[in-house]
Amino acid sequence: QVQLVESGGGSVQAGGSLRLSCAASGSTYRSYCMGWFRQAPGKEREAVAGVFNGGGSTYYEDSVKGRFTISQDNAQNTLYLQMNSLKPEDTAKYYCAMATYCNGGFTPQIVDNYGFWGQGIQVPVSS
């Protein structure tokens, strides 16, 4: 079993920063393939950022490139998402996810590749 718990969300003004954390517990050997997703009201869940290939590769959705940074602290079993220069369009519920299987062919932006999810955390960005 895997448990993922997000923290660090909250209201922020446009241009501000937040750091989301995801604490993983349980069977964390898959922790080398993890990601952050978000879902805005009325929209599908989308990949924001991912880390894979043993932590050596990262993925970012185009709209967050240069503003968001994903990182891991494997000793602490914690995944982070540093979000800078936030925009109102970043407003969504953010989810941490861990892959069901983690191998060389892993595709980080596909929702179905993740079998374990946190409960999500709201990030409202006001203009």
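## Close-up views of a predicted model

Counted in sequence order, the bonded cysteines of the protein pair 1-3 and 2-4. This is a predicted model, where local features need pLDDT of at least 70, side-chain atom pairs count only at pLDDT 80 or more, and totals for chains, interfaces and linings use all residues. Residues are numbered from 1 along each chain as its sequence is written, and side-chain values use heavy atoms, with hydrogens and water left out.

View A. A disulfide is a covalent bond between the sulfur atoms of two cysteines. Here the term is applied to a pair of cysteine sulfur atoms within 2.5 Å. By this rule the count comes to 2 disulfides. One of them joins C22 to C96, with an S to S distance of 2.0 Å. The link is left-handed, with -70° about the S-S bond. It ties together distant parts of the chain: C22 sits in strand β3 (residues 18-26), C96 in strand β9, and they are 74 residues apart. Strands are DSSP runs (E, at least two residues), and helices are runs of H or I of at least four, each numbered from the N terminus. C22 and C96 are both buried. Buried means under 20% relative accessible area, exposed means over 50%, and partly exposed lies in between (1.4 Å probe, protein chains only).

**View B. The disulfide of C33 and C102.** The sulfur atoms of C33 and C102 are 2.0 Å apart and form a disulfide. Its S-S torsion is about 65°, so this disulfide is right-handed. The pair links distant parts of the chain, 69 residues apart. C33 lies in the loop between β3 and β4 (34-39), and C102 in the loop between β9 and β10 (114-117). Is C33 buried or exposed? C33 counts as buried because its relative accessibility is 0%. C102, at 34%, counts as partly exposed.

**View C. The open sheet β1-β3-β8-β7.** An open sheet is built from 4 strands in the order β1-β3-β8-β7, with antiparallel pairing. Its edge strands are β1 (2-7) and β7 (68-73), each pairing on one side only. Neighbouring strands of this sheet are turned by 15° against each other on average, direction ignored. Such angles run from 0 to 180 degrees between N-to-C directions, with axes as lines fitted to C-alpha atoms (for helices, over the stretch in contact). β7 and β8 run antiparallel and are joined by 6 bridges. Two strands pair if DSSP finds at least two bridges between them. Q72 has L79 in β8 as its bridge partner.

**View D. S21 in strand β3.** S21 belongs to strand β3. Its relative accessibility is 15%, so S21 counts as buried. Beyond neighbours within four places in sequence, S21 is in contact (heavy atoms within 4.5 Å) with V5, E6, S7, W36, T78, L79 and Y80.

**View E. Strand β9 and its partners.** Of the 8 residues of β9, 7 are buried, so the strand is largely enclosed by the rest of the structure. β4 and β9 pair in the antiparallel sense over 6 bridges. F37 stands opposite Y95 in β9. β9 also pairs antiparallel with strand β11 (residues 121-123), over 3 bridges. There, Y94 has I121 in β11 as its bridge partner. Another 3 bridges join β9 to β10, again antiparallel. M98 has F116 in β10 as its bridge partner.

**View F. The backbone at S85.** S85 lies in the loop between β8 (78-83) and β9 (92-99). Most residues other than glycine have a negative phi. S85 is not a glycine, yet its phi is positive, at about 50°. S85 is partly exposed, with a relative accessible area of 40%.
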